[in-house]
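These are my notebook entries from a first look around one model. Have the sequence and the 3D view open, and come along with me.

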Amino acid sequence: MVILSVESTCDETAVALVRDGREILTDQVFSQADLHAVYGGVVPEIASRSHVEVIYQLADRALDAAGLSRRDIDAVAVSYAPGLIGAVLVGVNFAKSAAAALGVPLIPVHHIRGHIAANYLAYPELTPPFVCLAVSGGNTLIVDVRDYTALSVMGATRDDAAGECFDKTARVLGLGYPGGKLVDDLARGGNDLAFSLPVAQVEGHPYDMSFSGLKTAVVNLVHTQAQRGTPLNQADLCASFQRAVSLSLVPRAVAAAQEKGYDTLVAAGGVAANRRIRTDLDAAAARAGLRLFVPPLRLCGDNGAMIGAQGYYEYLAGHTAGSELNAYACMELDAMGEAAHGKRA
């Protein structure tokens, strides 16, 4: 089964062709990072306009790259929630039009489910059940993946996402946008014990996280040093910051897998590309006797292939939609069934 899959929830436009949920035939991605860098973050209106400008070209390019024609497409999958609403609408409307024109099923896919499914493309041997640490610019979740379409949230951030915290740290340090890789690169030369930064605990909810205090601590530290005229070792701060983020994420993910009695731990999302988090996950999983699966870097960020991978399993589960499909800025991970058929989650 060949699925044309579309991703446009933030600042990457992506169109891919995926066979049977496991094989990438092509994955065409247009990044808007340069468009938004001057503003220090994503500007929703600019993102939406850019998606409109390139999405049709990417679809044609995907078919050419895979050596396929429109007649070879068996279904169209699209990331329809969550994300920047204007950006998501572009992808949804394109996918609805494409499915109608081709006379094939339309498959709605939750963006975070797509990130998790990126691992199916990289690791043919990976099958549920497992616990996944899903960490991106807009979401930070610990997910119980019981089956391909049976997922539930065990823990989540109560405020800022970890990826957002990376971007804010990069901004206050004047590093630029996008901030995650810049902070990661700078941290390589730093002392991660140089600064004591908070690692929040949510009483009564062992798998929930909070990053607003960490973000505030970094901002206050940078401003205090500047006001005092004291030189700030940015490498040390970045290393200490990454240590605090990792301490919030890794032990919880491992504990969640152990609580469920699973032998497998998975990571997903843009922040899963971070070297410190990947290293700490690897060490913690080894100590706990868990198999660890982390996507290759090219599949950590937003891409169309991950939507096609999850779309295949949603299709097998009967999760399709028609012209009534809407886009949503927010949606719970386990509420997509009702919302895909026109009910707000």
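**Entry 1: a glutamine to start**

I began with Gln-225, which lies in helix α7. Helices here are DSSP runs of H or I with at least four residues, strands are runs of E with at least two, and both are numbered from the N terminus. I looked up the cover of Gln-225 and found it buried, with a relative accessible area of 16%. Buried means under 20% relative accessible area, exposed means over 50%, and partly exposed is in between, using a 1.4 Å probe and protein chains only. Leaving aside neighbours within four places in sequence, Gln-225 is in contact with Thr-230, Pro-231 and Leu-232; contact means heavy atoms within 4.5 Å.

A note on what I am reading: this is a predicted model, in which local features need pLDDT of at least 70 and side-chain atom pairs count only at pLDDT 80 or more, while totals for chains, interfaces and linings use all residues. Residues are numbered from 1 along each chain as its sequence is written, and side-chain values use heavy atoms, with hydrogens and water left out.

**Entry 2: the whole chain**

I stepped back and found 11 helices and 10 strands in the protein chain. The radius of gyration is 20 Å, close to the 20 Å that the globule rule gives for 345 residues, so the chain is as compact as a globular protein of that length. That radius is taken over C-alpha atoms, and the rule is 2.2 Å times the number of residues to the power 0.38. Along its principal axes, the C-alpha trace spans about 65 × 45 × 35 Å. I also noted that 52% of the 345 residues count as buried. Among contacts with a separation of 6 or more, 73% come from residues 24 or more positions apart.

Which residues touch the most other members of the largest nonpolar core? I found Leu-197, Leu-214, Phe-241 and Val-245, out of 45 residues in that core. A nonpolar core is a set of buried Ala, Val, Leu, Ile, Met, Phe, Trp, Tyr and Cys residues joined through side-chain atoms within 4.5 Å. The elements giving two or more residues to this core include β6, α5 (162–172), α7 (212–228) and β9 (264–268). Helix α8 gives the most, with 12 residues.

A second, separate core has 34 residues, including Ala-117, Leu-126, Leu-151 and Ala-156. As a background note, nonpolar side chains tend to be buried together in soluble globular proteins.

**Entry 3: helix α4**

Is α4 mostly covered or mostly open? It is mostly covered, with 11 of its 12 residues buried. Among them are His-111, Arg-113, Asn-119 and Leu-121. Beyond its neighbours within four places in sequence, Leu-121 is in contact with residues including Val-18, Ile-24, Leu-299 and Met-306.

**Entry 4: aromatic rings**

I counted 9 aromatic pairs in the structure. Rings of Phe, Tyr and Trp (its six-membered ring) pair if their centres lie within 6.5 Å; planes under 30 degrees apart are stacked, over 60 edge-to-face, and the rest tilted. Tyr-120 and Phe-130 form an edge-to-face pair, 6.4 Å centre to centre with 65° between the planes. This pair links helix α4 (residues 111–122) to strand β6 (residues 130–135).

The rings of Tyr-120 and Tyr-313 have centres 5.6 Å apart and planes at 70°, so this pair is edge-to-face. Tyr-313 sits in helix α10 (residues 304–316), 193 residues from Tyr-120. Both Tyr-120 and Tyr-313 are buried. One aromatic cluster takes in Tyr-120, Phe-130, Tyr-148, Tyr-312 and Tyr-313.

**Entry 5: backbone details**

Where are the cis peptide bonds that I noted? One joins Pro-128 and Pro-129, with omega about 10°, and Pro-129 lies in the loop between α4 and β6. Another joins Tyr-177 and Pro-178, with omega about -5°; Pro-178 is in the loop between α5 and α6.

Last, I checked Asp-20, which has a positive phi of about 55° although it is not a glycine. Asp-20 is in the loop between β2 (12–19) and β3 (23–31), and is partly exposed, with a relative accessible area of 33%.
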